[in-house]
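Please look over the sequence and the model shown here before reading on, and keep both at hand while following the text.

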Amino acid sequence: MRQPQVNVNINQPATPQQPMVPPQQTPIRQSSLRTKRSLLKYVLLGIVTLGVYDIWQMSEVGTTLNLIATRRDGRRTMHYCLMFFLIGWLTFGVGWLVWYHKLSGRIGDEQAARGLPVTVTAATYWLWNVLGSLIIVGPFVYTYKLLHAMNDLCSDCNVRG
């Protein structure tokens, strides 16, 4: 009886090689996006810090939206500090209107793309923040909707990437 020949090469590892598997697409910084934005904290800390917290919060919203949505839509939202300290003043306030309009529209587009209920759009900005300022509480309603829409987007991104 003849035994089968086994080719042994001492240069190869003894364990069988795993086939090359393409890496899985991992979520963006999983479980690291903030999901606890609230209107009460926004208003109270904005008063205590003389508006510094509000500037930081809106900067964080823009940066987070860029992190979440740029892969899908290829656009970037201008950093809020640049808009607040330079562009808004140079354009006599028009820059703020354009920035919030684009931010709100982009949040609504991202909510729709992720299959979430669309709660913030450019129309939300114009109706609640601009026209709603006539009834005084409108900007608060808009800010509440904006912060909670970002919470929802961040929660979804933390889970699904």
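The paragraphs below go from the overall fold to the aromatic rings and then to the pockets.

This is a predicted model, in which local features need pLDDT of at least 70 and side-chain atom pairs count only at pLDDT 80 or more, whereas totals for chains, interfaces and linings use all residues. Residues are numbered from 1 along each chain as its sequence is written, and side-chain values use heavy atoms, with hydrogens and water left out.

The protein has 6 helices and 0 strands, where helices (H or I, at least four residues) and strands (E, at least two) are DSSP runs numbered from the N terminus. Read from the N terminus on, the order of elements is α-α-α-α-α-α. Of the 161 residues, 37% count as buried; buried means under 20% relative accessible area, exposed means over 50%, and partly exposed lies in between, with a 1.4 Å probe and protein chains only. Among contacts (heavy atoms within 4.5 Å) between residues at least 6 apart in sequence, 63% join residues at least 24 apart. The accessible surface comes to about 10800 Å², and 65% of that surface belongs to carbon and sulfur atoms; such areas come from the Shrake-Rupley method with a 1.4 Å probe, and for residues only the protein chains shown count as cover.

The aromatic residues come next. Rings of Phe, Tyr and Trp (its six-membered ring) pair if their centres lie within 6.5 Å, and planes under 30 degrees apart count as stacked, over 60 as edge-to-face and the rest as tilted. By this rule the count comes to 12 aromatic pairs. One of them joins Trp-89 and Trp-96 edge-to-face, at 5.1 Å centre to centre with 85° between the planes; Trp-89 counts as exposed because its relative accessibility is 56%. Another edge-to-face pair is formed by Tyr-125 and Tyr-142, at 5.5 Å centre to centre and 70° between the planes. This pair links distant parts of the chain, since Tyr-125 sits in helix α5 (residues 122–130) and Tyr-142 in helix α6, 17 residues apart. Both Tyr-125 and Tyr-142 are buried.

Ring pairs also link residues into a cluster, whose members include Trp-89, Trp-96, Trp-99, Tyr-100, Tyr-125 and Tyr-142. Trp-99 lies in helix α4 and counts as buried because its relative accessibility is 6%. Leaving aside residues up to four places away in sequence, Trp-99 touches Met-58, Thr-77, Met-78, Tyr-80 and Met-83. The C-alpha atoms of Trp-99 and Met-78 are separated by 7.7 Å, although these residues are 21 apart along the chain.

Where does the open space lie? A pocket is, on a 1 Å grid over the protein atoms alone, an open set of points where a 1.4 Å probe fits, with protein on both sides within 12 Å along at least five of seven lines, and lining residues have an atom within 4 Å of a point. The largest pocket has a volume of about 260 Å³, and of the 14 residues that line it, the closest to its centre are Arg-76, Thr-77, Met-78, Val-98 and Lys-102. Helices α3 (80–90) and α4 (94–113) each supply at least two lining residues, with α4 giving the most, 8 residues.

The second largest pocket holds about 170 Å³ of space, and its lining includes Tyr-42, Met-58, Tyr-100, Phe-140 and Tyr-142. The largest share of this lining, 5 residues, comes from α6.

Terms used
Grid points are joined across faces, edges and corners, and a volume is the space filled by probe spheres set on the points.
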